[in-house]
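Please walk through this structure in two steps. The text looks at a strand and its neighbours, and then at salt bridges.

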Amino acid sequence: MITIHDKALCCGCAACVQICPKQCIEFEEDNQGFRYPSINTSICINCGLCELVCPILNQNNKASLPIRVYASKNRSEEIRSSSSSGGVFTALAERVLRQGGVVFGARFDSNWEVEHDFVCGSQNISIFRGSKYMQSRIGATYVQAERFLKDGRKVLYSGTPCQIAGLNHYLRKDYNNLITVDVICHGVPSPLVWRHYLKNVTEGQRVTDVVFRNKVHSWKKYNFSIKGDDGALIDQPFYENLYMRGFLDDIYLRPSCYECVCKCGKSGADITLGDFWGIERHLPEFDDDKGVTAVLAHTVKAVDCLETLDLDSHEISYEKVLEGNPSLEKSARNNAEWRREYWGREDQVEAISYILKKKTPNLFKRIVTKLSRMLRN
């Protein structure tokens, strides 16, 4: 029976919930907005499956380097402009759909929170495009993916590294018709904080669109945008936006993100995608400030798949990607003192501003200085 004694030892992948033959495990949200398993012990049969599929109890302790690394861009400017980086995920998804397959990813629900879902046939995959900075609800998507796989359908499943690790442990076997894609992950913020922030800034107005990475003016200096019926409710550079600043300063990430066990290629994903920060130093002629994807292929299956895509790509070294993406190998900073103070305050939105000002009075200056140094180099 799965028991959570330390919340840092649960990534929230929901593999345990979905594997339970008696359906006696439910996810319950704690006072920080993160979901954890709760077991109805009266019907639990102690089969041990929940422990067997847990990616933290069964960690992959062997780090592995990708076998191929690319800097890539989608040839469609329209797709790239609506993607967080270079639009590679869309190319992968379209390939699988053309083959009659199914694509799983993270989308906004009707309340502008994030859930995992799937599309197939001629359904629009644009709902999965773009970064969404909060932890998604996995739901029953591992179960659904397994059914499609057993039916012989091709499946592309995308998620954070811990979600992909959870899927792999849930399936407990390799499928030739499965391609798994994770992202270079900084950590997942609390859905509760997002809920409070959205309510605070919209003041009851209807939200029609949320874009965490609006790169209309710049990919490297993107804006955070929220639209309503009457136009823009929020449109700020990310380094000025309160929610993004709290996220990037590691204040309200899930406890497991500070001790992530899925770094260094340990998730078991076939492909890792992320922004190629620093591309202007390594391939300046390839950088147009509209977005370039760092693509890490971990398996032969991934290489074969990527070579069928019509992408504008250059092969490059892993070290050059790592230079601008330390999150590939390092977990987020954990300052327990500031986190305790943050969660000890009643108003979550006011708490972001309070902690940021108290922790780093010159945070804005520090971020701008860091950006200037990156661009200068």
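A residue counts as buried under 20% relative accessible area, as exposed over 50%, and as partly exposed in between, with a 1.4 Å probe and protein chains only. Helices (H or I, at least four residues) and strands (E, at least two) are DSSP runs, numbered from the N terminus. This is a predicted model, in which local features need pLDDT of at least 70 and side-chain atom pairs count only at pLDDT 80 or more, while totals for chains, interfaces and linings use all residues. Residues are numbered from 1 along each chain as its sequence is written, and side-chain values use heavy atoms, with hydrogens and water left out.

Begin with β12. Five of the five residues of this strand are buried, so β12 is largely enclosed by the rest of the structure. Both of its faces are covered: Thr293, Val295 and Ala297 are buried on one side, and Ala294 and Leu296 are buried on the other.

Which strands pair with β12? Two strands pair if DSSP finds at least two bridges between them. Strand β3 (residues 68-74) pairs with β12 in the antiparallel sense over five bridges, and Arg68 has Ala297 of β12 as its bridge partner. Strand β11 (residues 271-275) also pairs with β12 in the antiparallel sense over five bridges; here Leu273 stands opposite Val295.

Turn now to the charged side chains. A salt bridge is a side-chain nitrogen of Lys or Arg within 4 Å of a carboxyl oxygen of Asp or Glu. The structure holds 23 of them.

One of these joins Asp287 and Lys220, with the closest N and O atoms 2.8 Å apart. Asp287 lies in the loop between α9 (279-282) and β12 (293-297), and Lys220 in the loop between β8 (207-214) and β9 (223-228), so that the pair links distant parts of the chain, 67 residues apart. Lys220 is buried, at 13% relative accessible area.

Salt bridges that share partners also join Glu29, Asp109, Glu113, Glu115, Arg137 and Arg195 into one network. Arg195 is partly exposed at 31% relative accessible area, and Glu29 is partly exposed at 38%.

Arg195 also meets Glu113 in a salt bridge (2.6 Å, N to O). Glu113 sits in the loop between β4 (102-108) and β5 (114-120), 82 residues from Arg195. Glu113 is buried, with a relative accessible area of 12%.
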